[in-house]
Amino acid sequence: MTTKLFGEPVRRREDARLIVGAGRYVDDIGAGAYAAAFVRSPVAHARVLDIDVTAALDVEGLLAIYTYEDLAGPLAEPLPVLIPHPQLTAPRTGYPLVKDVAHHVGEPVVMVVATDRYVAEDAAALIAVRYEELPVVVGVDAARAAVHAVHPDVPDNVAARYGQQTGDVEPALAASRHTLSFTQYVERSASTPMEGKGVHARWDDADSSLRVYTSTQAATSVRAAIAAKLQLSLEKVEVVAPDVGGGFGVKIMHPWPEELLVPMAAIALRHEVKWTEDRREHFVSSAHERQQRQEITVGYDDDGRVTALDVRIWHDNGAYTPYGIIVPIVTATQLVGPYAVPVYRVQVDSLYTNTVIVTPYRGAGRPQGCFAMERTMDRIAQERGLDRAEVRARNLIRADQLPYDQHLTFQDGRPVVYDSGDYPGLLAKLTALVGWHDVAERRAEAATRGKRLGIGMAMYVEGTGPGPYEGGHVQVLGSGKVLVSTGLTSQGQGHETVFAQIVAGELGVPIEDVEVTTGDTRRFGYAVGTFASRAAVMSGNAVALAARGVREKALRIAADVLEAEPGDLEIESGLVQVKGVPGTSIPLRTVAVLSNPLRYAFDEAAKQATQFAGPGDDARPPVAVGDAPGLEHTDYYSPIRSTFASGAHAAVVEIDPATWEIDVVSYAVVHDCGNVVNPMIVEGQVHGGVAQGVGGALYERMAYDADGQLQNASFMDFLMPFASEVPPVLIDHQQTPSPLNPLGIKGAGEAGVIPGSAAIASAIEDAVGLRIAAMPISPSELYDLVRSAADPVTNVQAGETA
C-alpha cells in the first residue's frame with residue numbers, strides 16, 4: 001500500500017466550504033416548500049381527551065392539520081424498537097402523533113402544514129387540546145419506588161433487567177481481604193448539536209418517487225423506515241443527509257416522528273414540505289442520556305488489587321425504548337475498563353420515566369461505566385492509603401496478556417475481547433505528561449494565591465467499530481477524477497478528508513483528484529450508520545478494500561497496454577508505470593477510458609476505447625467473463641468483532657474557597673486508536689470530546705421538576721462550557737495497531753469525553769478532601785458539600801446519605 005498520505009496531518013478539505021457559509025444544511029433546501037409545525041404536549045403525563053382545530057381553520061395559508069386519527073396503515077402503529085434484546089422484556093414506543101396518552105412534555109400531538117412556518121406556528125397556537133393529567137414519574141429514584149407507573153401495563157417501571165457476570169461474586173467478596181460499598185449518581189444531559197433535527201420531503205407524482213433530506217446519522221436506515229411505514233417500494237425512496245451541523249448520537253435515533261410525518265404530508269399535498277426543529281423543541285422532544293444511580297461493592301486485597309466487583313445500576317431510559325437498551329449494555333460491558341477483574345457481576349434495571357427518551361449521546365454509556373470503575377479505584381486508594389496511579393498500575397491488564405477476553409458480550413452481540421493495547425504504557429505516559437509525581441509544588445504555589453489545587457486521573461477502554469458492515473465504492477473517471485462513496489453519514493468528523501487520504505494512498509493519486517460523498521442513498525444504498533466511533537474503522541477499511549479492487553483492475557488493464565506483468569507495475573502520482581522504468585507508463589485516467597470498451601467516441605480520450613483504435617485480441621471478448629465495464633469497484637468490510645481503543649486522562653483543577661468556583665486549569669490525554677490516519681483530525685476529535693467532558697462534569701444537566709417540566713430548556717439556562725472554560729489540552733499518542741482490520745485502526749470519535757467526569761471528580765476530591773458522589777457538580781453544590789462536612793453523620797450530595 002502507498003502510505004504517503006496515511007498518517008499525515010492533512011488539513012480538513014471540507015472546512016473551506018463550511019467556514020465561509022457555503023455549507024448546505026436541510027434548512028437551506030426547498031425555499032418554496034410548505035412548512036410544518038407541531039403542537040406538542042405541555043404536560044408530562046396526560047390522556048388526550050379532545051383536539052379542537054376549529055379556531056385554526058380560518059388562518060389564511062393553512063393547508064392541512066393532522067392528528068393520530070389521520071394516520072393509516074403501518075404509520076398508525078407504534079414506532080419500531082430498533083434493537084430488540086431478550087432482556088428488554090417490556091419495550092414500549094410511542095406513535096408518530098400521540099394516540100391516547102402523552103408520556104412526556106414535548107411529545108407531538110398535532111402536525112400543521114401551511115404556506116410558511118410563521119403561518120403554521122400561528123395555526124398551531126390556535127389548536128386547543130384538552131388533557132386529563134396523570135401521575136408523573138421523574139428520576140430513577142421515583143421510578144424505582146414505582147408509586148406510579150409510566151405505562152400501566154409495566155407497574156414496576158422496569159423496561160429491562162439486564163445483567164452479565166463472570167464467576168461467582170458472593171463467595172469472591174466473602175473471601176476478599178477488604179470490601180467497600182458506596183453509591184453514586186450521574187445526572188441527565190443531552191447532545192445539543194448546533195443544528196437540531198430537520199426534514200425536507202419532495203414527492204414526484206410522475207414516477208411515484210420520494211426524496212427526503214434529513215439531518216441524520218443513518219440515511220439508509222431512515223430510508224428503510226420511510227419505505228416500510230409509508231408502504232413505498234424501497235427503490236422509490238431516496239434519502240440524503242446533506243451537511244449535518246453536529247449529531248453526537250441524538251441523530252442516530254430514527255425514525256423520528258417528523259421523518260415519517262413530513263414525507264407523509266409531502267405525498268398527500270403533492271408538494272415539498274419542510275420542518276426545521278427550533279431550539280426549545282430540541283430540548284423537550286429530542287433524546288437525552290446519562291442519568292444513572294450506581295451501587296458498587298468491591299473486594300480487594302492489601303495491595304489494592306481487585307478480587308471481586310459487584311455493580312447494581314438503575315438507568316433512566318425516559319418514556320420509551322425505541323433504541324433498545326444499548327446504553328445500559330455499553331455501560332455494563334465497558335465498566336471494567338483496562339483492568340483485570342477476576343470476578344465481575346453487573347445488573348442494570350432500565351426504568352421508565354415521564355421524560356424525553358434516552359438514546360446514545362457521545363460516549364453512549366461509557367462515561368457512566370468509566371465513572372463507576374475509576375471512582376472505585378480512587379476509593380480503594382483512599383482506603384488503603386495508596387497512590388491512585390499505583391492502585392491502577394497494580395490492576396491493569398499487561399500488554400503480554402492481550403488479546404484479553406473479558407468474558408462479556410458487547411453491544412454487537414460479539415465477545416468483549418481486547419484486541420491490542422498497552423495499558424501500563426498509557427499510564428506511564430500520562431503520569432509523565434501531567435507531572436503526576438510533581439504536583440506538590442503546584443499545590444503549594446496555588447495555595448499562595450488562595451486556591452486549592454487537586455489532580456485526578458481516569459483510564460478507559462472503548463469498544464469501537466462494531467458491525468455488522470459498511471461498504472465503499474471507488475470509481476476512476478476518464479478525467480482522472482476519483483469518486484468515493486460510502487453510505488454512512490458525516491456530522492463534522494472530517495470524513496471527506498480521511499477517506500480521501502486512504503483512497504489516494506491506496507491508488508497512488510493526488511488527494512486533490514479524490515471526491516468523497518457520504519450519506520446519500522442515491523450513491524450508496526447499503527450502510528448502517530455513524531455511531532460508536534466506527535466511521536474510520538468500518539468505512540475507512542471498506543473504501544480501502546474498494547480502492548484495492550480498482551488498483552488490481554487498473555494494473556491488469558495497464559499490463560496489456562505496457563506489455564508487462566501486473567506485478568511489475570506501480571501507480572505513482574496518477575501514472576501506472578513499470579517499476580524502475582519511469583518512462584514506461586500510462587496515465588490512470590487513460591486506463592479508466594480503456595476499461596470501458598466503446599462503440600461511439602464522444603471526445604478525444606474516448607477514441608482510445610473504440611473498436612478500431614488499435615489491435616485487439618480476437619480470442620477474448622472486449623469485456624472479460626466475470627468482469628464489468630469501467631474502472632470501479634465496490635467492497636464491504638464486516639468485522640468479526642469490535643476493536644478496542646484505549647486512553648488515560650488527567651485533570652488539574654483549582655478551586656476558590658471564597659466562591660467554590662471550579663476551574664480546570666490543565667488537562668492531559670494519552671490516546672491509543674491504533675494506526676492514525678490523520679493525527680490532526682484525531683487531536684481535533686479529542687479536543688472536542690474533552691470540551692464535552694468538562695461540560696458533563698461541571699455544567700450540563702437536564703433539570704426536570706417533579707411535574708416533568710424541563711426547567712432549563714434554552715441556552716439561556718442550560719449551561720455549556722465556553723472556550724474560556726475549556727482548559728489547554730496536552731496530547732500524547734500511543735499506537736498499537738488492531739489486528740482485526742486491514743488498516744490496523746481503531747475508533748477515536750468518542751474517546752475525549754469518556755473519562756472527563758471521572759477524572760475531574762477525582763481532582764475535585766483531591767483538592768477539597770471530600771468524597772464526590774455525583775456529577776455534574778456546581779460551585780453551589782460543592783459549597784453545600786463542604787458546609788455539611790462538619791456533620792460527621794450526614795454528607796449530602798445529590799440526595800445521597802453517606
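User: Where is T376 found in this predicted model, and is it buried or exposed?

Analyst: In this predicted model, T376 is found in helix α9, which spans residues 366-384. Its relative accessible area is 1%, and buried means under 20%, so T376 is called buried.

User: Which residues is T376 in contact with, once its neighbours within four places in sequence are left aside?

Analyst: T376 is in contact with F182, I296, V298 and L309, where contact means heavy atoms within 4.5 Å.

User: Why is T464 called buried, and what does T464 touch?

Analyst: T464 belongs to strand β20, residues 452-464. The relative accessible area of T464 is 0%, and the cut-off for buried is under 20%, so T464 counts as buried. Not counting residues up to four places away in sequence, T464 touches A532, S533, V537, S642, T643, A645, K746 and G747.

User: How many aromatic pairs does the structure hold, and why is the pair of Y68 and Y95 called edge-to-face?

Analyst: The structure holds 9 aromatic pairs. In one of them, the rings of Y68 and Y95 have their centres 5.4 Å apart and their planes at 80 degrees. Rings pair if their centres lie within 6.5 Å, and planes over 60 degrees apart count as edge-to-face, so the pair of Y68 and Y95 is edge-to-face. Y68 and Y95 are 27 residues apart, and each lies in the loop between β3 (62-66) and β4 (101-102).

User: What makes Y68 buried but Y95 partly exposed?

Analyst: Y68 has 13% relative accessibility and therefore counts as buried, the cut-off being under 20%. Y95 has a relative accessible area of 22%, which lies between the limits of 20% and 50%, so Y95 is partly exposed.

User: Which residues do ring pairs link into a cluster?

Analyst: Ring pairs link F410, Y418, Y423 and F644 into a cluster.

User: How do you know that R144 lies over the face of W314, and where does the charged end of R293 sit?

Analyst: R144 is at 4.0 Å from the ring centre of W314 and lies over its face, while the charged end of R293 sits over the ring of W314, 5.9 Å from its centre. The distance limit is within 6 Å, and the charge must also be within 35 degrees of the ring normal.

User: Why are β24 and β26 said to stand at the edges of their sheet?

Analyst: The sheet is an open one of 3 strands in the order β24-β25-β26, with antiparallel pairing. β24 (569-572) and β26 (581-587) each have a single partner strand, so one side of each is left without a neighbour in the sheet. The twist averages 35 degrees from one strand to the next.

User: How do you know that β25 pairs with β24 and with β26?

Analyst: Two strands pair if at least two bridges are found between them. 4 bridges join β24 to β25 (residues 575-578), and 4 bridges join β25 to β26. V578 of β25 stands opposite L569, and the bridge partner of V578 in β26 is V581. In the hairpin of β25 and β26, which has 2 residues between the strands, G580 takes a positive phi near 80 degrees.

User: Why should residues 792-796 not be read in detail?

Analyst: Over residues 792-796 the pLDDT stays under 50. Where pLDDT is low, the predicted coordinates should not be read in detail. The protein chain averages a pLDDT of 95, and 98% of the residues score at least 70.

Conventions. Residues are numbered from 1 along each chain as its sequence is written. This is a predicted model: local features need pLDDT of at least 70, side-chain atom pairs count only at pLDDT 80 or more; totals for chains, interfaces and linings use all residues. Side-chain values use heavy atoms; hydrogens and water are left out. Rings of Phe, Tyr and Trp (its six-membered ring) pair if their centres lie within 6.5 Å; planes under 30 degrees apart count as stacked, over 60 as edge-to-face and the rest as tilted. Buried means under 20% relative accessible area, exposed over 50%, partly exposed in between (1.4 Å probe, protein chains only). Axes are lines fitted to C-alpha atoms, for helices over the stretch in contact, and angles run from 0 to 180 degrees between N-to-C directions. pLDDT is the predictor's confidence in each residue, from 0 to 100.
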